[in-house]
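This report describes selected local features of one protein chain. Please consult the sequence and the coordinates alongside the text.

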Amino acid sequence: MSATRHRALGGGVNHVLDYLRRMQAENPSFFYAIQGDNDHTGGSIFWADATSRMNYAYFGDTVIFDTTYRTNRYRVPFASFTGLNHHGQPVLFGCALILNDSEASFAWLFQTWLHAMSDRRPISITTDPDRLIQMTVTQVLPETRLRFNRWSIFKETQEKLAHIYQSQPTFEIEFKKCVNETETINEFESSWVSLLERYFVMDNEWLQSMYNARQQWVPAYMRDTFFGDFSITERNIGLNSFFEGFVNASTTIQMLIKQYEKAVASWHEKELKSDYDTINTSPALKTPSPMEKQAANLYTRRIFMKFQEELVETLANPATKIDDSGTVATYRVAKFGEEHKAHTVNFTSFEMKANCSCQMFEHSGIICRHILAVFRAKNVLTLPSQYVLKRWTRNAKIGDMQDEHATELPNNSRESLTDRYNTLRQEAIKYVEEGAKSIHIYNVAMDALQEALKKVSSAKNQSPVSAEDGALSNGRNQELHAAGDTETVACQSADEKEKKIRELTTELESINRRCEVYRANLLAVLRDMEEQKLKLSVKVQNARLNLR
């Protein structure tokens, strides 16, 4: 199968490999690996750039593995690992060309990806329902919660039960309602049995198979695990949102890299715009609550809007105490007129901790209206720190790379190339944010950058290369061994010293580009202000003339 697929792709695979070699030569933190024999006819290819690896350090708690090519008959077997950044936008964690759809190939891919991500395992992963992928996740990520994408299941159900969908138009609506709107396991079980009985499909093999796998796709079974969804029913979409509109069934191997770069640039630009909007504009507050003002200063704009929605809803969801043991108080929270949909909140005053039966915080990392209603009743004026996930804040990518859920990253030597790269990048982000606050500060920052660039360039003939610099951060020129006859081929350029300088220079150039974006946005704001002043001045003059 792999040889056939390789022949179909033609020389495009070599085009991809040339690109990967060139990118690694430019930046030693660029990782790529090849499975199988040296002529690359039987193995898959994986790569992740430095930004993807950094993003995973910040946002690797939940992952989406997209293999749309397998169901939509793509010309290129292109797969991707993605997640969600602090704005809730898709963020890339790595890409692959899967030239062999086998258990060994997927095992190699996941092990290689995990190695590139410093062996840091995610809390959860979402994939298409697929036996091979399920076996791989169980083998490589045994502690990670696996979820099948509901959109794929709904689509396949429509195909498998086409005769029912046509003869019983209401079945689809009730089927989705049974899955999406039941909040507890008991409620889902009852609704499922009722659905099957009403439409006389108790013995349908497909529905029985989906029921057997219910713990991997029905939301009622997933509420206790973090997936980053803003609501239980939100992620009812395809998995390829990062490359949607860039890579599709008609994309050829020759077009792939260009489309890949376009997608990366597009989402990077969107993230920059969201960063700018968060930092330089203030949201409209809807309550006098100090907690709302606190959240507006903590969260990114989109996350704050979701928090604000929950906070405002507390006005229509009063909390009623139904039990108090002295240590833990239990509240019943329900919307006016919807008492049958009440939720239970247990609150410990001493520790300022609360948990709700809706489990929204556990699932999304955003506190729910029910807990906020209890806080309101108890006069808790500010949001306790344990209910603010750093991954949703405007400072998500500043400071230590920590994850509130998963185990810590292995502590490598502070002197390693990767650590120096990460530290420089973090400091560069702080520099950009401070340097863009005004035109004056921007000009000072640009002058300092130019001076720093000169010093870095002059240092390359003076600074000795350490022993560790002689190894690549993408695996230190080691071969990875996955399963059986698979092996990883990692490439290393001749002059690590030059690479280090190029890496720093590239980072400085990237900062320059980001500064230019901020500068352009700032200038646009200033122009708008001047236009508004002019319009206001004209109105004042006209008003004075009218008074005369």
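## Basis of the description

Helices, of at least four residues, and strands, of at least two, are DSSP runs, numbered from the N terminus. The structure is a predicted model. Its pLDDT averages 82 over the protein, and 74% of the residues score at least 70.

Over residues 1-5 the pLDDT stays under 50, and the model shows 13 contacts beyond four places in sequence for them. Residues 464-494 likewise have a pLDDT below 50, with 77 contacts in the model beyond near neighbours in sequence.

## Loop residues with positive phi

Asp 119 belongs to the loop that connects helix H5 (103-116) with strand S6 (124-127). Its phi is near 60 degrees, a positive value in a residue other than glycine. Is Asp 119 buried or partly exposed? With a relative accessible area of 43%, Asp 119 is partly exposed, because this value falls between the limits of 20% for buried and 50% for exposed.

Asn 379 is not a glycine, yet its phi is positive, at about 60 degrees. This residue lies in the loop between helix H16 (369-377) and helix H17 (417-435). Its relative accessible area is 57%, and Asn 379 is therefore exposed, the threshold being over 50%.

Strand S4 (residues 78-84) is mostly covered, with seven of its seven residues buried. The burial extends to both faces: Phe 78, Ser 80, Thr 82 and Leu 84 lie on one side, and Ala 79, Phe 81 and Gly 83 on the other.

S4 is joined to strand S3 (residues 62-66) by three bridges, and the two run antiparallel. In this pairing, Phe 81 of S4 is the bridge partner of Phe 65. Seven bridges join S4 to strand S5 (residues 90-97), again in an antiparallel arrangement, and Gly 83 stands opposite Val 91 in S5. S4 and S5 form a hairpin with five residues between them. Within the turn, Gly 88 has a positive phi of about 75 degrees.

Strand S9 (residues 328-333) pairs with strand S10 (residues 343-348) in the antiparallel sense over six bridges. Val 328 stands opposite Thr 348 in S10.

## A buried aspartate

Asp 128 is located in the loop between S6 and helix H6 (131-140). Its relative accessible area is 9%, so Asp 128 is buried, the limit being under 20%. Which residue is joined to Asp 128 by a side-chain polar contact? The side chain of Ser 152 is joined to that of Asp 128 by a polar contact of 2.4 Å.

Technical notes: Residues are numbered from 1 along each chain as its sequence is written. This is a predicted model: local features need pLDDT of at least 70, side-chain atom pairs count only at pLDDT 80 or more; totals for chains, interfaces and linings use all residues. Side-chain values use heavy atoms; hydrogens and water are left out. Buried means under 20% relative accessible area, exposed over 50%, partly exposed in between (1.4 Å probe, protein chains only). Two strands pair if DSSP finds at least two bridges between them. A polar contact is a pair of N or O atoms within 3.5 Å; within protein, one must be able to donate a hydrogen and the other to accept it, and residues adjacent in sequence count only if both atoms are side-chain atoms. pLDDT is the predictor's confidence in each residue, from 0 to 100. Contact means heavy atoms within 4.5 Å.
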